[in-house]
Amino acid sequence: MLNHKASVSLVLDKRRQKNDKSYPIKLRVVYKGSSRYYSTGYNMVSADFDKTMSIRPRGKTKEIRQILDSQLGRARSIADGLKPFEFEYFKEKLLGKTAQKTDDFYTIFRQIIDGLKKADRAGTAASYGNALASFMLFGSNKISISSLTPQYFEKYEIWMKGRGRTNATIGIYTRAARTIINHAIEKGYMRQDQYPFSKGGYKPPEGANIKKALTLDQVKALATYEPETDKEGMYRDFWLLSYLCNGANMVDLLKLKGENIRGGVIVFHRQKTKRTKRGNQKPIVITISKQVRDIIDL
């Protein structure tokens, strides 16, 4: 009797290209001639994928390769443990869906990231994905969320600094972890008295946040710059529009519609504060100067 065994490999799934010319990296599982693909959470262009999968990847590709190898090893372990192998059970174990309630830090992290993606918060999802990858490199394949003590995060901070990471990056990643832990407490995965960020516990470091203002000569140089291409001209106009609109965020500018123009002003609510629960969110009101009108009318 033939001993059928599922094979698992990492592939660049070129069936659908993304807008940035990249493709998703997936785990391909083949069993009895049938194939299934499972997301790793990473996308790459072909050249970067080749570098990552080379014998000696370097820099950022080396870190990603370590994470991908970890995912590959876990997938192979799951596949080898299923006798007989079935794609349905493999998927449940791979995605951690065998139980609704879990105390695995990484599994809860992935659930939050999936929720962010479904809510069309791709930027936050990507940031959380980077944080998860960092914690996975620091820790093991599985870690109970109740074991995340202040000492754990202190050791993580020392480890990150040893890798040359800044306080800003460490703060972003540990605050993401704090959000995950708050969610875990709400869902009953962790007790409140185990909270590692309570008073006297671990405090995520803050970045320097040094703001440097442009000189008037620099502003003039940007405003009067003659672009060599249409794309350069668009970039200049967006920067100038942001400057003239009191430093409006680019995301807010990109979300503007005709209905936001009311007479001689632009009225909008910041995208950053739309999801806050505080009432009476005050709108941003910007007077439309001649320069702003000229850019809008382009």
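**Exercise 1. Which residue in E2 does Val11 stand opposite?**

Before starting: this is a predicted model, where local features need pLDDT of at least 70, side-chain atom pairs count only at pLDDT 80 or more, and totals for chains, interfaces and linings use all residues. Residues are numbered from 1 along each chain as its sequence is written, and side-chain values use heavy atoms, with hydrogens and water left out.

*Solution.* 
- Two strands pair if DSSP finds at least two bridges between them.
- Now go to E1 and strand E2 (residues 23-31): they run antiparallel and are joined by six bridges.
- Look across from Val11 and you land on Lys26 in E2.

**Exercise 2. Work out the strand order of the sheet that holds E1, and find what packs on that sheet.**

*Solution.* 
- The sheet is open, has three strands in the order E1-E2-E3, and its pairing is antiparallel.
- Strand E1 (7-12) and strand E3 (34-44) sit at the edges, each pairing on one side only.
- From one strand to the next, the twist averages 25°.
- Helix H3 (residues 87-95) packs on the sheet, touching E2 and E3, and its direction makes about 20° with that of E3. Contact here means heavy atoms within 4.5 Å. Axes are lines fitted to C-alpha atoms, for helices over the stretch in contact, and angles run from 0 to 180 degrees between N-to-C directions.

**Exercise 3. Describe how H2 meets H3.**

*Solution.* 
- Two packed helices are described by the angle between their axes and the distance between the axes.
- For helix H2 (residues 59-81) and H3, the axes come within 10 Å and cross at roughly 140°.
- H2 and H3 are therefore oblique to each other; under 35 degrees counts as roughly parallel, over 145 as roughly antiparallel, 65 to 115 as roughly perpendicular, and the rest as oblique.
- On the H2 side, the contact is made by Arg74, Ala75, Ile78 and Ala79; H3 brings Phe90, Lys93 and Leu94.

**Exercise 4. Trace the pairing of E4, E5 and E6.**

*Solution.* 
- Strand E4 (residues 261-262) and strand E5 (residues 265-268) run antiparallel, joined by two bridges. Arg262 has Val265 in E5 as its bridge partner.
- The hairpin of E4 and E5 has two residues between the strands, and Gly263 takes a positive phi near 65° there.
- E5 also pairs with strand E6 (residues 284-287), in the antiparallel sense over four bridges. There, Phe268 has Ile284 in E6 as its bridge partner.
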